[in-house]
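Please open the model in your viewer and keep a selection panel at hand. The stops below follow one another, each starting from what to select.

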Amino acid sequence: MKKIWILFWTFFKIGSFTFGGGFAMIPLIEREIVDKKKWISQNDMIDILSISQSFPGAVAVNSAIFIGQRIGGYIGALSALLGVIIPSFLIIIVVARIFTYVSNIVVVKAAFKGISSAVIALLIVAALRVGKAGMKYKISPLITIIALVLLLGTGIHPIYVIIMGIVLGLILYGFKIIRKKSK
Amino acid sequence: MIYLELFITFFKIGLFCFGGGYGMIPLLEREIVIHNWLTSQEFINIISISEMTPGPIAINTATFVGYKTGGIPGGILATTGVVLPSLILILVISHLLYKYQHHPIIKEIIYGIKPVVLALIIQAAIFVAKNTFFKEGISIKTILNFNANGHFLKIINPATIAITVVSLIVLLVSKIHPILVILAAGAIGVILHFIGVL
């Protein structure tokens, strides 16, 4: 029972202090779980993080569930999950309350114009990072262009474009198998 | 039934959100338009706030949109919806996954999704840029007209473009934490407002 509580508290701390999304949490998770608590070995942690990134959903949430389950079964998974989301939830509720009152003040509007300009830069940096890491095949850039044309040019729901990506991945895998067999 | 809609919508988003929170922005934007939950400007403010507050972006935006449209119960349902697919999938198939995680098929699917995620992030950047670089209440039609008439400067906010360019350079060449870049950009926005250029 104590372990379950520590699990919750550890992820609560991680959820409270990392800015900039789930990827920023990874070093903190490693420090807490591998270095300090020694619950999971470095090698297993690398595996867990790589699976967490290939699963749908937020990386921080996925790794919390994986690690929680590893250490404390179903209850462990649930307590790690609650630990990582409760800080966000509480902070956002408070901020949303305040923001409703101040969002029409001109100075706040100007601040948010500046902030959203910086957010565009953050998105470009993220795009560059994904572009560097994700272009495995010669046709990968072509997939990006086709997806972009579909997203911007047609009214198609983004979910279908994601499904297209999954199907293309399977087709690429099929081609690889066929090529291997014919050799 | 707003609560049920929130839950189902965020469950769907949680299920199809790959490669981090940025890829889900276009999904969420589409759902917000379909349900008429928020204006574009409100949504962009929510993205900005999610960047400034701790925690995963997916959780922050789910809680914020849920709260804005359905109060605290709405926030709880949207947040539960967005994490539930992860919880179910991981608890149900994680033991299988440990066995097959080095199976090439998982890698290949990821190689198929990554280029799509890139397209989604580019779309998210275009969406935010469209609502930030142009002055409020400008439609695409007026943009094209103005462009043809050569009065382009009257409808854009050059200050916002400058902030984006400077932030991008700072993020690429220095190791300054993104949260500091965001806070600085907000402060510059306020200063430029008092000078009268924003």
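Begin by selecting chain A and chain B of this predicted model, and display the polar contacts between them: 16 residue pairs, both partners at pLDDT 80 or more, are counted between chain B and chain A.

Next, colour the side of chain B that touches chain A by helix; helix 1 (2–15), helix 2 (25–35), helix 3 (40–52), helix 4 (57–100), helix 5 (104–133), helix 8 (158–173) and helix 9 (178–195) of chain B each supply at least two residues to that side. Helix 5 of chain B has the largest share, with 26 residues.

Now widen the selection to both partners, where 98 residues of chain B are in contact with 90 residues of chain A. The area buried between the two chains is about 8500 Å², and carbon and sulfur atoms give 79% of it.

Which residue forms a salt bridge with B:Glu108? Select A:Lys176, whose closest N atom lies 2.9 Å from an O atom of B:Glu108; the rule finds one salt bridge across this interface.

Finally, turn to the largest nonpolar core, which has 111 residues, and pick out A:Phe11, A:Val61, A:Ile67, A:Leu123 and B:Phe10, the members that touch the most others. Helix 4 (residues 59–102) of chain A gives the most to this core, with 18 residues. Centre the view on A:Val61 and, leaving aside residues up to four places away in sequence, look for its contacts with A:Leu81, A:Val84 and A:Ile85 in chain A, and with B:Pro56, B:Ile59, B:Val83 and B:Ser86 in chain B.

Conventions
Residues numbered from 1 in each chain as written. Chains lettered and ligands numbered in written order. Predicted model: local features only at pLDDT ≥ 70, side-chain atom pairs only at ≥ 80, totals over all residues. Heavy atoms only, no water. Contact = heavy atoms within 4.5 Å. Buried area = accessible area lost by both parts, 1.4 Å probe. Salt bridge = Lys/Arg side-chain N within 4 Å of Asp/Glu carboxyl O. Polar contact = N/O pair within 3.5 Å; in protein donor to acceptor, adjacent residues only side chain to side chain. Helix = DSSP H or I, 4+ residues; strand = E, 2+ residues; numbered from the N terminus. Core = buried A, V, L, I, M, F, W, Y, C linked by side-chain atoms within 4.5 Å. Buried < 20%, exposed > 50% of the residue type's maximum accessible area, 1.4 Å probe, protein only.
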